[in-house]
Amino acid sequence: MGSTLEIDKFLEPLAIDVQKLSGLAREMASTFGKLSAESSDMFLPTPISESILSPEVSAGQDGSDSGRGGTNLRVGFIELQHNLVVDDAGVPSTSRKLNRLLEHSWPIGESLKNENSESLFSWIGDRIAHVVRKGCDAFSLSPDQDLPLGVTFSFPMHQTSLSEAKLMAMGKGFAITSNLDLGGHLTTGYEKHKTADMPNIKIAAIANDSVSTLVSFICQFPAKAHQKAAMGVIVGTGCNATIPLKLSTLHESKRPASINVLPGQDVATAKIAVNTEWSINGSAPPLRKFGLINKWDEELDRAGEIPGFQPLEYMTAGRYLGELGRIMFLDYCINVLKLAVSTLPSKLRKRFGLTTTFLSHYYHNSPNGSMADQLSNEFPAEHPEFEWTKTLEAVLHKIAVAIQKRAAGIIAASTIGLLMCAEEIPEPGAIGKKDITELVVGYTGGCIQHFQDYLADTQAYLDKILALEFDGKAPIRVVLHPCHDGGITGAGVLVPAALASMRT
């Protein structure tokens, strides 16, 4: 049953190689350029310039901040301190210290996702009020002075200013419709639950979670002279990336009327933080061109909340990789091994019955136990004609690895493509920025950290793509660097950056 050759042939639709990924990177670069100039729901600007995000600007303020992803709400206070230090050679530099205080986290249950906007934001406002109350006691906050609030929200939004945002369609299981005033709803939700001795909140800055990841990364990464903190990427429940782009690359309708810049800076030449929303369907044509979307991807897509909405996310992110593995495993069991579907464990026959978390740690010598024990515990045999065999163990493991390697390749190619689009990576033969030899990408998200060898393979593909592009003599290296908790810290960093620029 199930020879190695048979399994490998079955997995061929997921196969990738460096030549294919190099072509994908170039195609993504071209596509991203077009989407920046033409798309209304991708490459969405956050109205703050790259220069504002420098560590020297984002200093010396305390404020409350909240971060919300697809699964959790986090609220806390952020304290930013900057100290001048001098090394042994007498060279001064800035030492950055960021403290997260009174931080609380709450899961967002499925019932809340299905509620209307008033119910959801009332719940969020209650949690913000809970933390502000603790802040009043700990920091003696005055009820007469507004508390600046930075907000991270992990959904696409249109922004006319840094403190205002209209939500677009949310997805990820949320029922809220688009064109919702995020700041207004948060303020109203908080006011329902604050008491007279608590301060009002003032929305100082709003950003998508990928933007906040980049903001946090630029502020905290100890860049050396040859390095640049170039972009931020999230591969967790969902998948997204943010990078500073020239304002001129955006369609005129997407260019914010107001942008926070430093005094004397020319807005026309400014680079602003752009939330790419690269997983939305505008990125599908390159994936199709290189044959990366297969029948299993299409089956997963058809069963989703909005078919066709986020093809890249279905192939790379934690919400979907376990389900993709389940679809593939059932296909192999039923159509290759000819097992009767009714004999398979009932949990495996249910949508999302095989989780990404399970597949993440399903390998030999896993801390979660042997593969046989993991399978029998998670999916106990329920039919006398079914048993977990070594073949089935191996098939599921090979499926998990194939899914992960393809995902890592797609993320690597998309990252290279986005850096090419931003002109951070020069064309072969062109003269690049000689002083910068390392572009550092801040990453966060449980999926890229824990799913098999996702992180290591992504870095390996980044290196191999550039080696092929430049015939082994790449003038620059792209390096992944952790930037965890970027959502909540980025929201906190944006508050003083926004206030500093508004004062000038």
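The model is predicted: local features need pLDDT of at least 70, side-chain atom pairs count only at pLDDT 80 or more, and totals for chains, interfaces and linings use all residues. Residues are numbered from 1 along each chain as its sequence is written, and side-chain values use heavy atoms, with hydrogens and water left out.

The secondary structure comprises 16 helices and 14 strands; helices (H or I, at least four residues) and strands (E, at least two) are DSSP runs, numbered from the N terminus. Contact means heavy atoms within 4.5 Å. Of the contacts in the chain with a separation of 6 or more, 77% are accounted for by residues 24 or more positions apart.

Strand E13 (residues 438-444) is mostly covered, with seven of its seven residues buried. In a regular strand the side chains alternate between the two faces of the sheet. On one side of E13 lie Glu438, Val440, Gly442 and Thr444, and on the other Leu439, Val441 and Tyr443, all of them buried. Two strands pair if DSSP finds at least two bridges between them.

| Strands | Bridges | Sense |
|---|---|---|
| E10 (residues 227-235) and E13 | seven | parallel |
| E13 and E14 (residues 477-482) | six | parallel |
| E6 and E7 (residues 164-167) | three | antiparallel |

Lys228 stands opposite Leu439 in E13, while Glu438 stands opposite Arg477 in E14.

**The sheet E6-E7-E8**

Three strands form an open antiparallel sheet in the order E6-E7-E8. Its edge strands, each pairing on one side only, are E6 (157-161) and E8 (180-181). A hairpin of two residues joins E6 to E7, and the bridge partner of Met157 in E7 is Leu167.

**Helix H4**

Just after H4, Ser140 takes a positive phi of about 55°.

**The loop at Pro428**

Pro428 is found in the loop between helix H13 (390-421) and E13, and is partly exposed, with a relative accessible area of 40%. Leaving aside neighbours within four places in sequence, Pro428 is in contact with Arg26, Glu469 and Phe470. Pro428 and Asp471 are 43 residues apart in sequence and 9.0 Å apart in space, C-alpha to C-alpha.

**Cavities**

The structure holds four cavities of 30 Å³ or more. On a 1 Å grid over the protein atoms alone, a cavity is a set of points where a 1.4 Å probe fits but cannot get out, and lining residues have an atom within 4 Å of a point. Grid points are joined across faces, edges and corners, and a volume is the space filled by probe spheres set on the points.

The second largest cavity has a volume of about 60 Å³. Lining this cavity are Arg288, Ile293, Asp297, Glu298, Asp301, Pro311, Tyr314 and Met315. Helix H8 (295-302) and helix H9 (311-316) each supply at least two residues of that lining. The lining divides into four nonpolar, no polar and four charged residues, where Ala, Val, Leu, Ile, Met, Phe, Trp, Tyr, Cys and Pro count as nonpolar, Asp, Glu, Lys and Arg as charged, and the others, Gly among them, as polar.

Technical notes: 1 Å grid on protein atoms, 1.4 Å probe; cavity = no way out; pocket = protein on both sides within 12 Å on 5 of 7 lines; lining within 4 Å. Buried < 20%, exposed > 50% of the residue type's maximum accessible area, 1.4 Å probe, protein only.
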